Amino acid sequence: MPIGNNIPYAIELLNSNKLVAIPTETVYGLAANAFNENAVLNIYKTKNRPQFNPLIIHSNRIERFEEWGLLIPADVKLLAQHFWPGPITFIIPANHKIPEIVTAGTGAVAIRVPNHPITLDLLAKLNFPLAAPSANPSGFISPTSALHVEQQLGNKIDYILDGGNCKVGVESTIISFLENEPKILRFGGLAIEAIEAVLNKKLATGSNNNKIVAPGMLSKHYAPVHPLQIVENLSESIQLFDKNRVGVISFSESFAEVPIAHQFVLSKTKDLNEAASNLFAAMRHVDELDLDIILSEKFPNIGLGYAINDRLKRASIQEN
Ligand code: TXA
Ligand code: MG
């Protein structure tokens with residue numbers, strides 16, 4: 001049985017260095033023992049992920065990262081107090097206990113305490129952190145349900161722990177603490193404004209020179225089959241296409257001239273958190289339809305709007 005909620009079975013598999021897909025509040029992760037190089041290598045192989053793209057390690061409490069010898073900067077402790085368990089990941093200096101295959105030889109490690117009861121329970125019962133990238137083939141949309149994982153990786157992994165639909169629905173916000181000033185490496189499920197309020201300063205976005213730093217560094221991501229175009233004005237742009245062959249991802253509006261089954265309204269009440277939680281499922285569903293093009297609008301640049309715009313933009317990049 002590949003999908004279920006059998007935590008003891010998941011523990012048994014992880015203790016034997018097998019892969020298990022785990023639920024988190026952001027997206028499902030493809031997890032393995034972060035201290036075992038072969039287990040981690042298997043993550044890269046299964047996702048077809050380039051080995052230069054490092055992995056986040058997860059545990060249930062900040063103290064456990066310290067027990068494994070990681071030095072946690074004061075600002076990270078402060079943010080963790082406010083937001084962990086939750087959708088924020090910190091990049092800090094690694095140590096010899098973290099295999100290079102996890103850090104991709106960067107000397108830095110990404111740490112997170114995810115907020116999902118099943119996974120917190122699981123993590124508390126393991127003697128190692130879980131390395132876990134999103135549980136999708138590299139370059140595709142991240143899974144926000146156990147079914148999404150099964151559809152894309154079901155035949156390649158031993159078990160999918162089912163924790164229902166991911167409540168946040170976009171990946172964690174990533175902040176690097178490798179330099180003097182913290183830097184945003186990825187917009188995600190925790191609003192930058194909330195982080196800035198705790199640190200009492202504005203954060204810069206970073207691209208750490210030419211090094212790979214976050215998934216955005218890979219040019220194309222969240223690859224849809226159909227071209228996706230972000231437009232200023234949906235109702236005007238819809239007129240330029242055959243209305244029966246256009247898909248629409250909108251914030252709150254729907255359009256009478258487009259078949260209802262081709263439209264994905266992310267939040268009728270214009271709630272950006274709700275919109276984020278519906279985004280990836282909408283991107284999957286609209287892409288399964290027989291269409292010429294998918295149109296989306298630009299979301300407000302506030303709160304989770306940054307993460308939504310970021311993922312839409314990546315999905316709109318066409319290979320040429
Ligand atoms: O919400 C999430 O963050 C989910 C859940 C499963 O926790 N995980 C996730 O992992 O989105 P992934 O691998 O799909 O994206 C994490 C990104 C990686 O693509 C990588 O570029 C960046 O974090 N990253 C990981 N370790 C890093 C490091 N040491 N230095 C810089 N960037 C790092
Ligand atoms: Mg990913």
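The model is predicted, so local features need a pLDDT of at least 70 and side-chain atom pairs count only at pLDDT 80 or more, whereas totals for chains, interfaces and linings use all residues. Residues are numbered from 1 along each chain as its sequence is written, chains are lettered from A and ligands numbered from 1 in the order in which they are written, and side-chain values use heavy atoms, with hydrogens and water left out.

Over residues 208-212 the pLDDT is below 50. Beyond near neighbours in sequence, this stretch has eleven contacts in the model (contact means heavy atoms within 4.5 Å).

Helices and strands are DSSP runs numbered from the N terminus (helices: H or I, at least four residues; strands: E, at least two). Two strands count as paired if DSSP finds at least two bridges between them. On this basis, eleven strands form an open sheet in the order 1-8-2-3-7-4-6-5-9-10-11. The pairing is mixed. Strand 1 (3-4) and strand 11 (204-205) stand at the edges. Each has a single partner strand, so one side of each is left without a neighbour in the sheet.

Several pairings can be followed residue by residue. Strand 4 (residues 56-58) pairs with strand 6 (residues 108-112) in the parallel sense, over three bridges. Here isoleucine 56 has alanine 110 of strand 6 as its bridge partner. Strand 6 also pairs with strand 5, in the antiparallel sense and over four bridges. In that pairing, phenylalanine 90 is bridged to isoleucine 111 of strand 6. Strand 5 pairs in the parallel sense with strand 9 (residues 173-176), again over four bridges. Threonine 89 stands opposite isoleucine 174 in strand 9.

Burial was assigned from relative accessible area (buried under 20%, exposed over 50%, partly exposed in between; 1.4 Å probe, protein chains only). Five of the six residues of strand 5 are buried, so this strand is largely enclosed by the rest of the structure.

Val76, Leu79, Ala80 and Phe83 are buried. They cover an arc of only 105 degrees around the axis, which puts them on the same side of helix 4. The arc is that of the directions from the helix axis to the C-beta atoms. Ala74 and Gln81, on the other side of helix 4, are exposed. The buried residues of helix 4 pack against helix 3 (62-67), strand 5 (88-93) and helix 8 (192-199).

Helix 7 (residues 146-153) lies across strand 1, strand 2 (20-22), strand 3 (29-33) and strand 8 (159-161). Histidine 148 is found in helix 7. At 7% relative accessibility, histidine 148 counts as buried. Not counting residues up to four places away in sequence, histidine 148 touches Pro143, Ala281 and Arg284.

Isoleucine 43 lies in helix 2 (residues 37-47). Its relative accessibility is 0%, so isoleucine 43 counts as buried. Leaving aside neighbours within four places in sequence, the contacts of isoleucine 43 are Leu19, Leu30, Ala31, Ala32, Leu55, Ala131 and Pro133.

A salt bridge was counted where a side-chain nitrogen of Lys or Arg lies within 4 Å of a carboxyl oxygen of Asp or Glu. By this rule there are twelve salt bridges. One joins the side chains of lysine 202 and glutamate 196 (3.5 Å, N to O). Lysine 202 is exposed, at 70% relative accessibility. Glutamate 196 is buried, at 12%.

Glu171, Asp310, Arg311 and Arg314 are linked in a network of salt bridges. Aspartate 310 meets arginine 311 at 2.7 Å, N to O. Aspartate 310 also meets arginine 314, at 2.8 Å, N to O. Arginine 314 and aspartate 310 are four residues apart in helix 11 (residues 305-316), so about one helical turn separates them. Both are buried. Relative accessibility is 17% for aspartate 310. For arginine 311 it is 0%, which also counts as buried.

Key
Axes fitted to C-alpha atoms, helices over the stretch in contact; angles between N-to-C directions. pLDDT = per-residue confidence, 0-100.
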